[in-house]
Amino acid sequence: MSQAEPLIRLEGIAKHYQMGGEMIAALNGIDLQVMRNDYIAFIGSSGSGKSTMMNIVGCLDTPTHGKYYLNGHDVAGMSESDLARTRNEEIGFIFQSFNLLTRATALQNVMQPLIYRGVRPAERARRAKEALARVGLENRQGHLPNQLSGGQRQRVAIARALCSEPSILLADEPTGNLDSTTAADIMALFDTLHSEGQTVIVVTHEPDIAAHCRRSVRLHDGRVQSDVINPARLREVASV
Amino acid sequence: MFSIIESFRSALQSIRAHSFRSFLTSLGIIIGVASVIAVVSMVQGLSASISTQFKGMGANSLSVNAYTPFEEALQGKENVLGLKDYETIVTHIDDISHVSPQFGPFGPFGANVRHAGQSSVTRVRAVTAAFEHANQVVPAQGRFFSAGDDASRRRVCFVGSKVLENLKLTGNPLGQFIEVNSEWFKIIGVGEERGETLGISRDDYVLIPFSVGRAIAGTDTKLNISISFTVNDLEQLEAVQGRLTTLLRRTHQLKPGQPNDFKVETSQEMMETFDSIIAMMTLVLGGIVSVSLLVGGIGIMNIMLVSVTERTREIGICKALGAQRHHILLQFLIEATMLSLLGGLIGLVLGYGLGFGASKMIPGFPEAVVPWWAVVMAFGFSSMVGILFGIMPAAKAANLNPIDALRYE
C-alpha cells in the first residue's frame, strides 16, 4: 500500500434512521479523507451528526449509503463479525465515561482487547504493562477502576486503546467528565501519542479541545460545514 | 479454544463477585440433585440388599406354588397344591434333585410356641431333609434333621435364633423341648443368624419334619404345599419348567384356555420381577424429584436474564473492544452452566449425606447405595439444565447492538 493512500476514505456517506414513521438523516453525504498520523477533531453541536460519524468511523455501525475504506478495506459492506474483528484490530476507543470493566483491575482492563485477538496470556500481560507504562500508570496495575481518579481511569482507557496497536485512536469527548487540569493532562498525552506517529481522532464540542488538533472538521446537520487546518499548528504542518 | 478458557475465568470471577446471589440461584439445582440422589440411593440400597438374598437361592432352583387367579378368588375358590402333586412331581419329572416340599401344619400364618412359661408366635413349616440344601440352611449349632428323622417321624425341630431369644432360652438349646400348639419337639439344631429384611427378622422360624407335619395336620385337612427343587442342568431349566406345567395341567384336568391354578417360578424370574418393580419405583420417584431440577433451571434462567440486563453496558464495552458474538454467547452460557454444575456438585454431596443419614435413621432399612450412573446423571442433568436455560439469556446478550448497549444506563 502506498503512503499516499489515505487511512480513512469516506465517499458520500449517509445514515438514515427510521424514527416514529419519519426518516431522519443523521449524516447526509460526507466525503472525507484522513491520512496516517493525522490529528483530527470532529466538532459540532449536539445533533450535528458527530456521534453517528464516530459510530461509523469506529465500525460500530454501517452507513445506509456511501463507501467507507479503512486501511484499504471496504467497511460499509462488512458482516457483524468482520466489523468486530476490524474494531479489535484497527480502532482504539476512548469514551467520555471511560467505560472500564468495573470488576477488573487496570491490567485486566488493558488486556481485554487482546483476549479477543487470541494473544497468549504471558504476551498479553507484557503488552498491557507496556501500554500502562506509556500512560504513566505502571504502578497502578492491580487497582480496580473505583480505586483510581477520573484522570487515571481515562489513562487506563487510553492504555487499553493503545495496547492493541490500532490504526486509529478514536476518542469520544475524552475530557467531558474531567476537570480542566486533568483534561489538559489527557490532551497533552494525545499530543505526545500523535507526535509518536499515532493517528488520533477526537470527537468533541469544545473548541479548546479541538485546538489541540492539527485539523478541525465541523459538522452541521449531517454535512461537513468546514474542514480547516488549525492555524496554531500551521508551522508544524508545514514541516510535515 | 482460547476464548473458552477466558470465558471460564470470567464466569468464575462473576460468580465469585456475587457469591450469595449465585448460591441462591443454584439452590434450586442443589435441592433438585440432592433429592434425586437421596431417593435413588435409598431405593438402590433396598434393591441391592434384596438382590443378595435372591442370589443365595441359587439360579437353578425352581418353585411351584398354588395360584388363584383374581376372578376365581372373588368367587371364593382357593386353589391348592396337595401331597399328590408332590408325589407326581417326584415320580414323573427327571433331572431334578433336592425336591423339597413345605407347608404350614398349623395353618399358613403361625403357631404359638412355648417354653418354660414364655410364649411367642412364630412361623412353623414342615419340611423334608432336602430343605437344608435347597434353601442353603447352615446350622450354627447341632444339625439339620435327616431323612431318617423324617421317615421315623421323630418329634425334633430346627429353629432360628430369634425364636430362642423370644423364648428367653439361654444356655445350650440342644436337647431342650419346646411346645408348639400343644405338641412337644426336641431342639436338635439352631440356624445361622440371617439378620433382618425391612424390619422383619429372618431368624424367627421353627422347622419340623415333613412326616410329623402330615400327622399333625391329619388326613382331612386340605394341605397347601409349596415345592422347591433344583434342576441338575441349568440349560434344562426352561424345559423342566415346561414339562412341569404340562404335567400339572394334565393331572389337574385343566381344559385348554383355562388358566393355570399353580405357578412355576425360577429364582431368576422372581428376581427379574423384583428388579422391574425397583426400576419402576426409581423411575417414578426420580421423575417426581427431577421436576425440581426443572424449577432450578428456570431460576437460573431468570437470574441470568437479570444479569444480562445489569451488564448491558459491560457487554457494549466488550463489543466495542472487538468481542465477537460467540465470545459473549460463550461467556454467559458457561456462567449459567457453571452455576448449574456447582449446584449439582453441592447437591450430590448433600444427597449422599441425606440418603445415608435417612437409611441409618429408619430402623431395619438397608444401607444406601449410590450407583455411578446416578452421579453421572446428576451431573449430566445439571449441565444440561444450565445449557438449556442459559441459551436464551446468552443469545440475548450476544445479540445486543453495541451502540445501544454502550448508551445503556
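Predicted model: local features only at pLDDT ≥ 70, side-chain atom pairs only at ≥ 80, totals over all residues.

Me: How many helices and strands does chain A have?

Reply: The secondary structure of chain A consists of eight helices and ten strands. Of its 240 residues, 44% are buried. Among the contacts in chain A with a separation of 6 or more, 68% join residues 24 or more positions apart.

Me: Let us turn to the strands. How does strand β1 of chain A run relative to strand β2 of chain A, parallel or antiparallel?

Reply: As a general idea, side chains in a regular strand alternate between the two faces of the sheet. In the present case, β1 (residues 8-19) and β2 (residues 22-34) of chain A run antiparallel and are joined by ten bridges. One of the residues to look for is A:Leu10, whose bridge partner in β2(A) is A:Leu32.

Me: Which residue of β4(A) stands opposite A:Ile8?

Reply: That residue is A:Leu70. Strand β4 (residues 65-70) of chain A is antiparallel to β1(A), and five bridges join the two.

Me: Next, the helices. At what angle do the axes of α5 and α6 of chain A cross?

Reply: The axes of α5 (residues 150-163) and α6 (residues 180-195) of chain A cross at roughly 20° and come within 10 Å. An angle under 35 degrees counts as roughly parallel, and α5(A) and α6(A) are therefore roughly parallel to each other. Their crossing is right-handed.

Me: Which residues make the contact of these two helices?

Reply: From α5(A) come A:Gly150, A:Gly151, A:Gln154 and A:Ile158, and from α6(A) come A:Thr182, A:Asp185, A:Ile186 and A:Leu189. By class, three of these residues are nonpolar, four polar and one charged.

Me: Finally, how many residues does each chain give to the contact of chains A and B?

Reply: In general, the size of an interface is often given as the accessible area lost when the parts come together. Here we may count residues instead: chain A gives 18 residues and chain B gives 17. On the side of chain B, the elements that give two or more residues are α1 (2-17), α11 (312-320), α12 (325-361) and α14 (402-407). The residues of that side divide into nine nonpolar, four polar and four charged.

Conventions
Residues numbered from 1 in each chain as written. Chains lettered and ligands numbered in written order. Helix = DSSP H or I, 4+ residues; strand = E, 2+ residues; numbered from the N terminus. Buried ≥ 20, exposed ≤ 12 C-beta atoms within 10 Å, placed from the backbone. Contact = placed C-beta atoms within 7 Å. Nonpolar A, V, L, I, M, F, W, Y, C, P; charged D, E, K, R; others polar. Axes fitted to C-alpha atoms, helices over the stretch in contact; angles between N-to-C directions. Parallel < 35°, antiparallel > 145°, perpendicular 65-115°, else oblique. Left-handed = near helix turned anticlockwise from the far one by under 90°. Pairing = 2+ DSSP bridges.
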